[in-house]
Amino acid sequence: WLSNLQNLTDLTVSDVNVKASGPFVILARMTKLQTLTISNANLTGSLPGHLHSNLTHIDFSNNRLKGNIPPSITMLDSLQVLNLSSNSLAGEMPPSIGDLISLKNLSLASNSFSGSIPDSISALPSLIHLDLSSNQLNGTIPKFISQMKSLKHLNLANNNLHGVVPFNLSFIKRLEVFKVGGNSNLCYNHSMVSSKLKLGISPCDKFGMPVTPPSKDSSADDSSDDDYDEGDEEGSRHKKEHHHGPNKFVLGVAIALSSIVFLI
(Lines give C-alpha, C1' and ligand atoms only; values in the text may rest on other atoms or scores of the structure.)
Protein backbone atom coordinates (compact mmCIF):
# COMPACT_ATOMS: atom_id res chain seq x y z
CA TRP A 1 0.00 0.00 0.00
CA LEU A 2 2.99 2.33 0.37
CA SER A 3 3.23 2.47 -3.42
CA ASN A 4 -0.04 4.42 -3.51
CA LEU A 5 1.58 7.45 -1.84
CA GLN A 6 2.69 8.97 -5.13
CA ASN A 7 3.23 12.52 -3.86
CA LEU A 8 5.70 11.64 -1.11
CA THR A 9 8.95 13.59 -1.01
CA ASP A 10 10.34 11.87 2.09
CA LEU A 11 9.88 8.23 3.07
CA THR A 12 11.28 6.68 6.26
CA VAL A 13 10.38 3.14 7.31
CA SER A 14 12.57 1.62 10.05
CA ASP A 15 12.45 -1.25 12.52
CA VAL A 16 9.29 -2.84 11.11
CA ASN A 17 8.79 -5.71 8.66
CA VAL A 18 8.01 -4.62 5.12
CA LYS A 19 6.29 -7.35 3.15
CA ALA A 20 7.20 -6.64 -0.45
CA SER A 21 8.99 -8.60 -3.16
CA GLY A 22 11.51 -5.79 -3.61
CA PRO A 23 12.03 -2.02 -3.31
CA PHE A 24 10.84 -1.34 -6.86
CA VAL A 25 7.30 -2.49 -6.01
CA ILE A 26 7.12 0.30 -3.42
CA LEU A 27 9.01 3.07 -5.22
CA ALA A 28 7.99 2.78 -8.86
CA ARG A 29 5.36 5.55 -8.80
CA MET A 30 7.01 7.85 -6.25
CA THR A 31 8.34 10.33 -8.80
CA LYS A 32 8.75 13.19 -6.31
CA LEU A 33 10.76 11.29 -3.71
CA GLN A 34 13.91 13.05 -2.44
CA THR A 35 14.91 11.13 0.69
CA LEU A 36 14.41 7.40 1.05
CA THR A 37 15.04 5.22 4.12
CA ILE A 38 13.87 1.62 4.44
CA SER A 39 16.16 0.16 7.09
CA ASN A 40 16.03 -2.84 9.40
CA ALA A 41 12.82 -3.83 7.68
CA ASN A 42 13.58 -7.39 6.54
CA LEU A 43 13.26 -6.17 2.96
CA THR A 44 14.12 -8.79 0.32
CA GLY A 45 14.78 -8.65 -3.42
CA SER A 46 17.33 -6.56 -5.29
CA LEU A 47 18.06 -2.88 -5.67
CA PRO A 48 15.72 -1.06 -8.11
CA GLY A 49 16.73 -0.98 -11.76
CA HIS A 50 15.20 2.49 -12.05
CA LEU A 51 15.23 5.40 -9.57
CA HIS A 52 14.11 9.00 -10.03
CA SER A 53 16.91 11.50 -10.43
CA ASN A 54 15.89 13.92 -7.65
CA LEU A 55 16.86 11.52 -4.83
CA THR A 56 19.45 12.96 -2.44
CA HIS A 57 19.37 10.29 0.30
CA ILE A 58 19.13 6.47 0.01
CA ASP A 59 19.33 4.19 3.04
CA PHE A 60 18.60 0.47 2.58
CA SER A 61 20.74 -0.65 5.53
CA ASN A 62 20.09 -3.80 7.60
CA ASN A 63 17.89 -5.68 5.18
CA ARG A 64 18.16 -8.86 3.10
CA LEU A 65 18.79 -7.36 -0.33
CA LYS A 66 20.83 -9.39 -2.82
CA GLY A 67 22.51 -8.79 -6.17
CA ASN A 68 24.85 -5.98 -7.19
CA ILE A 69 24.74 -2.19 -7.42
CA PRO A 70 22.75 -1.33 -10.59
CA PRO A 71 23.63 1.59 -12.92
CA SER A 72 20.41 3.31 -11.83
CA ILE A 73 22.03 4.28 -8.52
CA THR A 74 25.27 5.59 -10.00
CA MET A 75 23.29 7.93 -12.30
CA LEU A 76 21.90 10.01 -9.42
CA ASP A 77 23.81 13.29 -9.73
CA SER A 78 22.18 14.82 -6.64
CA LEU A 79 22.71 11.86 -4.30
CA GLN A 80 24.52 12.84 -1.09
CA VAL A 81 24.03 9.73 1.09
CA LEU A 82 24.16 6.11 -0.03
CA ASN A 83 23.91 3.55 2.77
CA LEU A 84 23.62 -0.09 1.66
CA SER A 85 25.34 -1.61 4.69
CA SER A 86 24.39 -4.94 6.30
CA ASN A 87 22.75 -6.70 3.37
CA SER A 88 23.74 -9.62 1.14
CA LEU A 89 24.88 -7.56 -1.83
CA ALA A 90 27.77 -8.90 -3.88
CA GLY A 91 29.82 -8.36 -7.03
CA GLU A 92 32.33 -5.59 -7.68
CA MET A 93 31.86 -1.93 -6.87
CA PRO A 94 30.97 -0.33 -10.23
CA PRO A 95 33.56 2.08 -11.70
CA SER A 96 30.65 4.44 -12.43
CA ILE A 97 30.33 5.11 -8.70
CA GLY A 98 32.61 8.08 -9.35
CA ASP A 99 29.71 9.71 -11.22
CA LEU A 100 27.98 10.44 -7.90
CA ILE A 101 29.63 13.85 -7.77
CA SER A 102 27.48 15.13 -4.86
CA LEU A 103 28.11 12.12 -2.61
CA LYS A 104 29.18 12.83 0.98
CA ASN A 105 28.48 9.52 2.69
CA LEU A 106 29.13 6.10 1.16
CA SER A 107 28.60 3.01 3.33
CA LEU A 108 28.74 -0.46 1.79
CA ALA A 109 29.86 -2.24 4.97
CA SER A 110 28.94 -5.82 5.91
CA ASN A 111 28.12 -7.19 2.47
CA SER A 112 29.99 -9.53 0.12
CA PHE A 113 31.49 -7.04 -2.33
CA SER A 114 34.67 -8.28 -4.02
CA GLY A 115 37.32 -6.92 -6.35
CA SER A 116 39.42 -3.82 -5.82
CA ILE A 117 38.48 -0.34 -4.65
CA PRO A 118 37.67 1.55 -7.88
CA ASP A 119 39.87 4.51 -8.80
CA SER A 120 36.77 6.49 -9.69
CA ILE A 121 36.16 7.17 -5.98
CA SER A 122 38.87 9.80 -6.30
CA ALA A 123 36.36 11.82 -8.37
CA LEU A 124 34.12 12.33 -5.32
CA PRO A 125 35.38 15.70 -4.06
CA SER A 126 32.83 16.09 -1.24
CA LEU A 127 33.12 12.60 0.27
CA ILE A 128 33.33 12.78 4.08
CA HIS A 129 32.40 9.25 5.17
CA LEU A 130 33.70 6.09 3.42
CA ASP A 131 32.94 2.72 5.01
CA LEU A 132 33.79 -0.41 3.01
CA SER A 133 34.47 -2.66 6.00
CA SER A 134 33.56 -6.34 6.36
CA ASN A 135 33.48 -7.28 2.69
CA GLN A 136 35.76 -9.37 0.47
CA LEU A 137 37.61 -6.52 -1.21
CA ASN A 138 41.12 -7.31 -2.41
CA GLY A 139 44.01 -5.50 -4.05
CA THR A 140 45.91 -2.61 -2.51
CA ILE A 141 44.62 0.57 -0.88
CA PRO A 142 44.66 3.32 -3.55
CA LYS A 143 47.06 6.21 -2.89
CA PHE A 144 44.53 8.78 -4.11
CA ILE A 145 42.52 8.41 -0.87
CA SER A 146 45.12 10.54 0.93
CA GLN A 147 44.35 13.39 -1.48
CA MET A 148 40.64 13.49 -0.64
CA LYS A 149 40.51 16.76 1.30
CA SER A 150 37.02 16.37 2.81
CA LEU A 151 37.44 12.80 4.08
CA LYS A 152 37.00 12.38 7.86
CA HIS A 153 35.84 8.77 8.29
CA LEU A 154 37.68 5.88 6.59
CA ASN A 155 36.91 2.27 7.49
CA LEU A 156 38.48 -0.49 5.37
CA ALA A 157 38.65 -3.12 8.13
CA ASN A 158 37.98 -6.85 7.69
CA ASN A 159 38.66 -7.31 3.99
CA ASN A 160 41.34 -9.11 1.96
CA LEU A 161 43.43 -6.02 1.20
CA HIS A 162 47.19 -6.45 0.95
CA GLY A 163 50.39 -4.45 0.53
CA VAL A 164 51.59 -1.32 2.28
CA VAL A 165 49.20 1.27 3.72
CA PRO A 166 49.95 4.32 1.51
CA PHE A 167 49.25 6.97 4.17
CA ASN A 168 51.54 9.06 6.32
CA LEU A 169 50.98 10.12 9.91
CA SER A 170 49.66 13.58 9.09
CA PHE A 171 46.85 12.15 6.92
CA ILE A 172 45.83 9.59 9.53
CA LYS A 173 45.73 12.19 12.30
CA ARG A 174 43.50 14.38 10.16
CA LEU A 175 40.85 11.65 10.16
CA GLU A 176 38.32 11.26 12.95
CA VAL A 177 37.98 7.51 12.24
CA PHE A 178 40.62 5.30 10.60
CA LYS A 179 40.30 1.49 10.63
CA VAL A 180 42.28 -1.04 8.57
CA GLY A 181 42.50 -4.00 10.98
CA GLY A 182 41.39 -7.46 9.93
CA ASN A 183 43.39 -7.42 6.66
CA SER A 184 45.97 -10.13 7.34
CA ASN A 185 48.23 -9.28 4.38
CA LEU A 186 48.18 -5.53 4.96
CA CYS A 187 51.05 -3.75 6.74
CA TYR A 188 52.31 -0.24 7.48
CA ASN A 189 55.63 1.50 6.87
CA HIS A 190 57.09 1.99 10.36
CA SER A 191 59.17 4.93 9.12
CA MET A 192 55.97 6.78 8.13
CA VAL A 193 53.50 5.61 10.79
CA SER A 194 54.14 5.21 14.51
CA SER A 195 53.43 1.81 16.06
CA LYS A 196 51.74 3.67 18.95
CA LEU A 197 48.64 4.17 16.75
CA LYS A 198 47.60 0.52 17.20
CA LEU A 199 46.22 0.03 13.70
CA GLY A 200 45.55 -3.69 14.15
CA ILE A 201 48.06 -4.68 11.45
CA SER A 202 51.78 -5.52 11.47
CA PRO A 203 54.66 -3.32 10.30
CA CYS A 204 56.18 -4.17 6.90
CA ASP A 205 59.51 -5.86 6.31
CA LYS A 206 61.89 -4.70 3.58
CA PHE A 207 59.89 -6.66 1.01
CA GLY A 208 56.62 -4.94 1.90
CA MET A 209 55.23 -7.99 3.67
CA PRO A 210 53.74 -8.07 7.20
CA VAL A 211 56.17 -8.81 10.01
CA THR A 212 54.50 -11.08 12.53
CA PRO A 213 56.01 -10.42 15.98
CA PRO A 214 56.57 -13.53 18.17
CA SER A 215 53.68 -13.96 20.58
CA LYS A 216 54.09 -14.63 24.28
CA ASP A 217 52.19 -17.88 23.91
CA SER A 218 54.64 -19.24 21.36
CA SER A 219 57.57 -18.24 23.60
CA ALA A 220 55.98 -20.06 26.48
CA ASP A 221 55.47 -23.10 24.29
CA ASP A 222 59.10 -23.02 23.22
CA SER A 223 60.37 -22.79 26.78
CA SER A 224 58.07 -25.59 27.91
CA ASP A 225 59.39 -27.74 25.08
CA ASP A 226 62.96 -27.06 26.19
CA ASP A 227 62.10 -27.93 29.76
CA TYR A 228 60.40 -31.09 28.59
CA ASP A 229 63.43 -32.13 26.54
CA GLU A 230 65.82 -31.45 29.40
CA GLY A 231 63.67 -33.37 31.87
CA ASP A 232 63.31 -36.25 29.44
CA GLU A 233 67.08 -36.43 28.98
CA GLU A 234 67.63 -36.38 32.73
CA GLY A 235 64.98 -39.05 33.27
CA SER A 236 66.53 -41.31 30.66
CA ARG A 237 69.94 -40.82 32.35
CA HIS A 238 68.45 -41.95 35.68
CA LYS A 239 66.92 -44.92 33.94
CA LYS A 240 70.31 -45.86 32.50
CA GLU A 241 71.96 -45.53 35.91
CA HIS A 242 69.21 -47.53 37.52
CA HIS A 243 69.56 -50.16 34.80
CA HIS A 244 73.35 -50.46 35.14
CA GLY A 245 73.22 -50.65 38.99
CA PRO A 246 71.75 -54.18 39.30
CA ASN A 247 74.10 -55.53 36.60
CA LYS A 248 77.18 -54.43 38.57
CA PHE A 249 75.73 -55.92 41.78
CA VAL A 250 75.03 -59.29 40.16
CA LEU A 251 78.51 -59.31 38.65
CA GLY A 252 80.08 -58.63 42.08
CA VAL A 253 78.13 -61.44 43.73
CA ALA A 254 79.11 -63.81 40.94
CA ILE A 255 82.82 -62.97 41.37
CA ALA A 256 82.60 -63.40 45.17
CA LEU A 257 80.96 -66.84 44.84
CA SER A 258 83.52 -67.88 42.25
CA SER A 259 86.34 -66.91 44.63
CA ILE A 260 84.84 -68.95 47.49
CA VAL A 261 84.44 -71.96 45.24
CA PHE A 262 88.01 -71.54 44.04
CA LEU A 263 89.37 -71.37 47.64
CA ILE A 264 87.39 -74.48 48.67
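## A tour by selection

Start by picking Ser 110, which is partly exposed at a relative accessible area of 33% (buried means under 20% relative accessible area, exposed over 50%, and partly exposed in between, with a 1.4 Å probe and protein chains only). Ser 110 has a positive phi of about 55 degrees although it is not a glycine. You'll find Ser 110 in the loop between strand E7 (105-107) and strand E8 (112-115); helices (H or I, at least four residues) and strands (E, at least two) are DSSP runs numbered from the N terminus.

Before moving on: this is a predicted model, where local features need pLDDT of at least 70, side-chain atom pairs count only at pLDDT 80 or more, and totals for chains, interfaces and linings use all residues. Residues are numbered from 1 along each chain as its sequence is written, and side-chain values use heavy atoms, with hydrogens and water left out.

Now select Ser 86, in the loop between strand E5 (81-83) and strand E6 (88-92). Its phi is positive too, near 60 degrees, and Ser 86 is partly exposed at 27% relative accessibility.

The torsion about the S-S bond of Cys 187 and Cys 204 is about 100 degrees, so the disulfide is right-handed. Cys 187 sits in strand E14 (185-188) and Cys 204 in the loop between strand E15 (202-203) and helix H4 (216-263), 17 residues apart. Cys 187 is buried at 0% relative accessibility, and Cys 204 is buried at 10%.

Head inside to Leu 154. Along with Phe 60 and Ile 121, Leu 154 touches the most other members of the 60-residue largest nonpolar core (buried Ala, Val, Leu, Ile, Met, Phe, Trp, Tyr and Cys residues joined through side-chain atoms within 4.5 Å). Elements giving two or more residues to this core include strand E1 (10-14), helix H3 (169-174) and E14. Leaving aside neighbours within four places in sequence, the contacts of Leu 154 (heavy atoms within 4.5 Å) include Leu 130, Ile 145, Phe 167 and Phe 171.

Last stop: Ser 3, in the segment before E1. Ser 3 is buried, with a relative accessible area of 18%. Beyond its neighbours within four places in sequence, Ser 3 is in contact with Val 25, Ile 26, Arg 29 and Met 30.

Technical notes. A disulfide is a pair of cysteine sulfur atoms within 2.5 Å.
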